[in-house]
Amino acid sequence: MVRKMYYVPDGTVKCGFYECEECGERFLSLHTESAIPCPTCGEEPDMELGPDEEIPEAAETAKLLQIVEGEEVEKMDALLSLAITGGDYEWI
């Protein structure tokens, strides 16, 4: 059975499993750095700067919990997306 991937593209073989320290959101990302900006609560910095303003930095509030590889990527994506899919949990 072919499942749609919600967090990472179909066929992904390695990704990072993150949790945001601010909002608690858990998600998969193609990144595998130790910390990245949260896609839910992280704000994109406003790059339209005035002459006296400093370049803002995106806060890296999502911390890497583990690197997911192989078949586990599809399983983890399905588990995290149960709310989106309406609860298809037969594969667990």
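Is Phe27 buried or exposed in this model? Phe27 counts as buried, at 4% relative accessibility, where buried means under 20% relative accessible area, exposed means over 50% and partly exposed lies in between, with a 1.4 Å probe and protein chains only.

First, the ground rules. This is a predicted model, so local features need pLDDT of at least 70 and side-chain atom pairs count only at pLDDT 80 or more, while totals for chains, interfaces and linings use all residues. Residues are numbered from 1 along each chain as its sequence is written, and side-chain values use heavy atoms, with hydrogens and water left out.

Now the layout. The protein chain has two helices and four strands; these are DSSP runs numbered from the N terminus, H or I with at least four residues for helices and E with at least two for strands. Read from the N terminus, the order of elements is β-β-β-β-α-α. Of the 92 residues in the protein chain, 24% count as buried. Taking contacts between residues at least 6 apart in sequence, 51% join residues at least 24 apart; a contact here means heavy atoms within 4.5 Å.

Next, the sheet. In general, strands of a sheet pair through backbone hydrogen bonds, either parallel or antiparallel. Here the four strands make an open sheet in the order E2-E1-E4-E3, with antiparallel pairing. E2 and E3 are the edge strands, each pairing on one side only. Two strands count as paired if DSSP finds at least two bridges between them. E1 and strand E2, residues 26-29, pair over four bridges in the antiparallel sense. Five residues sit between the strands in the hairpin of E1 and E2, and Gly24 there takes a positive phi near 80 degrees.

Staying with strand E1, residues 14-20, take Gly16, which lies in it. How far apart are Gly16 and Ile67 in sequence and in space? They are 51 residues apart in sequence and 4.6 Å apart in space, C-alpha to C-alpha. Gly16 is buried, with a relative accessible area of 0%. Not counting residues up to four places away in sequence, Gly16 touches residues including Phe27, Leu28, Leu64 and Gln66.

Back to Phe27, then. Tyr18 stands opposite Phe27 in E2. A pair of aromatic rings is described by the distance of the centres and the angle of the planes. The rule takes rings of Phe, Tyr and Trp (its six-membered ring) with centres within 6.5 Å; planes under 30 degrees apart count as stacked, over 60 as edge-to-face and the rest as tilted. By this rule the count is one aromatic pair. That pair is Tyr18 and Phe27, stacked, at 5.7 Å centre to centre and 15 degrees between the planes. Tyr18 is buried as well, with a relative accessible area of 0%.

On to charges. How many salt bridges does a search of the whole structure find? The search finds one, a salt bridge being a side-chain nitrogen of Lys or Arg within 4 Å of a carboxyl oxygen of Asp or Glu. The partners are Arg26 and Glu19, at 3.5 Å from N to O. Arg26 counts as partly exposed, at 40% relative accessibility, and Glu19 counts as partly exposed at 26%.

Then the cysteines. A disulfide is a pair of cysteine sulfur atoms within 2.5 Å, and by this rule the count is zero. Cys23 counts as partly exposed, at 38% relative accessibility, whereas Cys38 is buried, at 2%.

Thr61 belongs with this part. Thr61 sits in the loop between strand E3 (35-36) and strand E4 (62-69). Leaving aside neighbours within four places in sequence, Thr61 is in contact with residues that include Cys20, Cys38 and Cys41. At 10% relative accessibility, Thr61 counts as buried.

Last, the helical part. Asp77 is in helix H1, residues 71-80, and counts as buried at 1% relative accessibility. The side chain of Asp77 reaches the backbone nitrogen of Val8 at 3.4 Å.

Conventions
Polar contact = N/O pair within 3.5 Å; in protein donor to acceptor, adjacent residues only side chain to side chain.
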